[in-house]
Amino acid sequence: MPHLPRLLRDRSVARRVLLLQVATVLLLVVVGILMASYDARRDSRSRATQRAVAVAQTVADSPTVRAALRGSDPTAVLQPWTEAVRRDTNTDFVVVMALDRTRYTHPDPAEIGRKFIGDLGGAPRGLVFTEQSTGTLGPSVRSVVPVRDGGRVVALVSVGITVSDINRGLRRDVTVVVLCGGLVLLVGLLGAGLLARRLHRVTHGLGEQELARMYEYYSAVLHSVREGLLLLDGQGRVQLVNDEARRLLALPDDVVGRPVEDLGLAPGLVAAARGRTAESDDLYLAGERILVVSTAPARWDGRDVGSVVTLRDHTELRSVTGELEVVRRLTESLRSQNHESANRLHTVVSLIEMGRPQEAVDFATEELQVAQLLTDEVVGAVDDPVVAALLLGKSAEAAEQGVELRITGALPAQAGVPPRDLVTVLGNLVDNAFDALADAETRRVDVRLSGAGDLVRVQVDDSGPGLGEADASRVLDRGWTTKAEPGTGRGLGLALVVQVARRHGGDVELGRSELGGARFTVTMGAPG
C-alpha cells in the first residue's frame with residue numbers, strides 16, 4: 001500500500017481519465033438505480049392504494065351490497081360475492097362491516113362476526129379513508145369507504161392489499177430497473193474504454209506532469225531559438241509557429257490552424273513546406289528578405305504526420321555576398337582588360353624590335369582610339385564613376401568571352417538610386433545574360449539605360465535560348481528558389497535584383513527579347 005500514491009502519480013492521462021469516467025458512470029448508474037427503485041416503491045404503494053379505493057367504492061356502490069344489508073343474514077349473500085370480487089381484482093381482502101366494526105365478510109371465515117382491526121378515519125361520516133396498517137393478514141395498504149342507502153351511511157367496505165404482495169411487484173420492477181442500469185453501465189464502460197484508448201494514442205501514454213513539462217520546455221525552446229520554426233500537419237495547416245517565423249514571414253496573429261497556401265507566402269516556399277522529401281538550405285526570397293529554408297517530413301510510428309520548416313534570415317549576409325560577387329566579377333573584368341592591354345603592349349614592343357616603328361605607332365593609336373571611344377560612350381551614358389567602371393569592366397569581359405556587348409541610352413545625372421544598388425542590378429543582369437549565352441551560336445547582349453528625374457529603367461536583352469514557360473512563370477515569383485550551391489555566393493542574382501527594385505518602389509518584368517533570348521526590364525524610383 002505505501003506504493004499506491006506513486007502508482008497513482010505514474011498513471012497516464014488516459015488511465016486517469018478512464019478511472020474517472022468509470023467512477024462517474026458507476027456513480028450515475030447506482031444513483032439512477034436507487035432513485036428509480038425509490039420511485040418504483042412509491043408508485044407501487046400509490047397504485048395499490050388507488051386500486052384498493054377503486055375496488056372498495058365499486059363494492060360500496062353495488063346494489064347487491066345494499067340489498068343484502070337490508071336482509072336478515074347479510075353474510076350469506078355477501079361472503080361468496082366479496083370473495084369472488086377479491087379474486088377477480090387481485091386484492092388480499094374485501095371486508096363489509098357494520099358501523100360498529102362487526103365483519104360481515106372476511107377471507108378467513110373465522111374472522112366473520114369479529115371486530116374490524118384498524119382505523120376507520122372519516123368513513124363513518126361519509127368520507128374515503130386510506131392508511132397502511134397491520135391487521136389479521138399482516139401489514140397492508142387499505143381503504144375504507146361508506147355504503148350509503150337512502151342518503152344514510154349504513155355500512156362500511158374495507159379493501160386491502162398486503163405489503164408483501166406490493167413488495168413482490170416492487171421486486172419485479174426493481175429487477176427491470178437493475179437490468180436496464182446494468183446495460184447502461186456496460187455501454188458507459190465500453191464508451192469510456194474506447195475514449196481512453198484514443199486518448200492514450202493521442203497522448204502517447206504520457207502523464208499530465210510529463211505533458212505539462214513537455215509543453216513548458218518546448219514552448220520555452222521554440223520562442224527562444226533564433227531560427228524560425230513552422231510546423232504543418234498532414235493537411236498543410238499550421239499547427240505551431242514561433243516568434244522568429246512570424247517576424248521573417250510577416251504572419252498574422254491567427255495563423256495557427258490556417259492552410260499554408262492561404263498565408264500569402266511565396267509559391268516556391270509553399271511547395272517546399274508541403275514537400276514530402278527533405279530539403280536543406282534552399283534560398284528563397286520572401287518580401288525583402290532572403291531566407292535559407294530547410295524542410296523535413298515529420299514522422300511518428302512510421303507514418304507522416306506533417307512537415308517541419310526551419311527559416312534563417314540571410315538578407316544582410318547574402319546582400320554582402322552578392323555585392324562581393326559583383327566586385328569579384330569587376331575584378332575579373334579588370335584582369336581581362338589588363339591581360340588584353342599586356343598583349344597589345346607586347347605587340348607594340350615586338351613591332352619596334354622588328355624595326356617597324358610606324359606600324360607600332362599605327363597599332364597603338366588605333367587601340368587607343370577604340371578604348372577611348374568605348375570609355376567616352378560609357379562615361380557619356382553614366383555619370384557615376386563606379387557604375388561606369390563596372391560597364392567598362394563588363395565590356396572587357398565580353399570581349400574576352402567573344403560576346404558582343406552594346407550599351408545604349410543614358411541614366412539621368414541625378415538618379416534617385418544609389419550607385420551601390422545600380423551596380424547590383426547591372427552587374428547581376430549582365431552576368432545573368434553572359435551565363436545564358438554559354439551554348440548560344442549568336443553571342444550578343446544589349447544594355448539599354450533610360451530614365452527621367454528619379455526614375456531609372458535598365459533593360460538587358462540577350463540572344464540566348466530564353467526561358468521556358470515553366471521557368472518564366474516562376475523566375476520572378478516572390479520566393480523563387482535559386483538552388484544555389486552552398487558556399488559559392490552565386491545563384492542569388494535575380495533575387496537581389498528583385499529585392500533592390502522593390503526597395504526603390506519598382507519591379508522587374510520578364511519578356512521575350514528581339515534577339516531571341518530573355519529580356520529583363522528593371523524599373524526603380526519615381527518619375528520626375
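This is a predicted model: local features need pLDDT of at least 70, side-chain atom pairs count only at pLDDT 80 or more; totals for chains, interfaces and linings use all residues.
Two strands count as paired here if DSSP finds at least two bridges between them.

- Five strands make up an open sheet with mixed pairing, and their order is 10-11-12-14-13.
- At the edges sit strand 10 (404-409) and strand 13 (507-512), each pairing on one side only.
- Ignoring direction, neighbouring strands of this sheet are turned by 15 degrees against each other on average.
- Helix 12 (residues 419-436) packs on the sheet and touches strand 11, strand 12 (455-462) and strand 14 (518-524). The direction of helix 12 makes about 10 degrees with that of strand 12.

**Who pairs with whom**

- Strand 10 and strand 11 (residues 444-452) run parallel, joined by six bridges. Arginine 406 has aspartate 446 in strand 11 as its bridge partner.
- On to strand 12: aspartate 446 also stands opposite aspartate 461 in that strand.
- Strands 11 and 12 form a hairpin with two residues between them. In the turn you'll find glycine 453, with a positive phi of about 65 degrees.
- Strand 12 pairs with strand 14 too, in the antiparallel sense and over six bridges. Here valine 458 stands opposite valine 522 in strand 14.
- How many of the eight residues of strand 12 are buried? Seven are, so strand 12 is largely enclosed by the rest of the structure.

**Charges on the sheet**

- Side chains of opposite charge can pair when their charged atoms come close. The salt-bridge count for the model comes to 16, using a cut-off of 4 Å between a side-chain nitrogen of Lys or Arg and a carboxyl oxygen of Asp or Glu.
- Aspartate 446 forms a salt bridge with arginine 444, their closest N and O atoms being 3.0 Å apart. Buried or exposed? Aspartate 446 counts as buried, at 4% relative accessibility.
- Arginine 448 forms a salt bridge with aspartate 461, and the closest N and O atoms are 3.5 Å apart. Since arginine 448 lies in strand 11 and aspartate 461 in strand 12, the pair ties together parts that are 13 residues apart in sequence.
- Which residues do salt bridges with shared partners join into one network? They are Arg444, Asp446, Arg448, Asp461 and Arg519.

**Another salt bridge**

- Arginine 258 forms a salt bridge with aspartate 254, with the closest N and O atoms 3.2 Å apart.
- Arginine 258 is partly exposed at a relative accessible area of 27%, and aspartate 254 is partly exposed at 48%.

**Helix 3**

- Val65, Ala68 and Leu69 are buried in helix 3 (residues 63-70).
- Looking down the axis of helix 3, you'd see its buried residues fall within an arc of 100 degrees, so they line one face of the helix.
- The face turned away from that buried side carries the exposed residues Pro63 and Arg70.

Terms used: Residues are numbered from 1 along each chain as its sequence is written. Side-chain values use heavy atoms; hydrogens and water are left out. Helices (H or I, at least four residues) and strands (E, at least two) are DSSP runs, numbered from the N terminus. Axes are lines fitted to C-alpha atoms, for helices over the stretch in contact, and angles run from 0 to 180 degrees between N-to-C directions. Contact means heavy atoms within 4.5 Å. Buried means under 20% relative accessible area, exposed over 50%, partly exposed in between (1.4 Å probe, protein chains only). The arc is that of the directions from the helix axis to the C-beta atoms.
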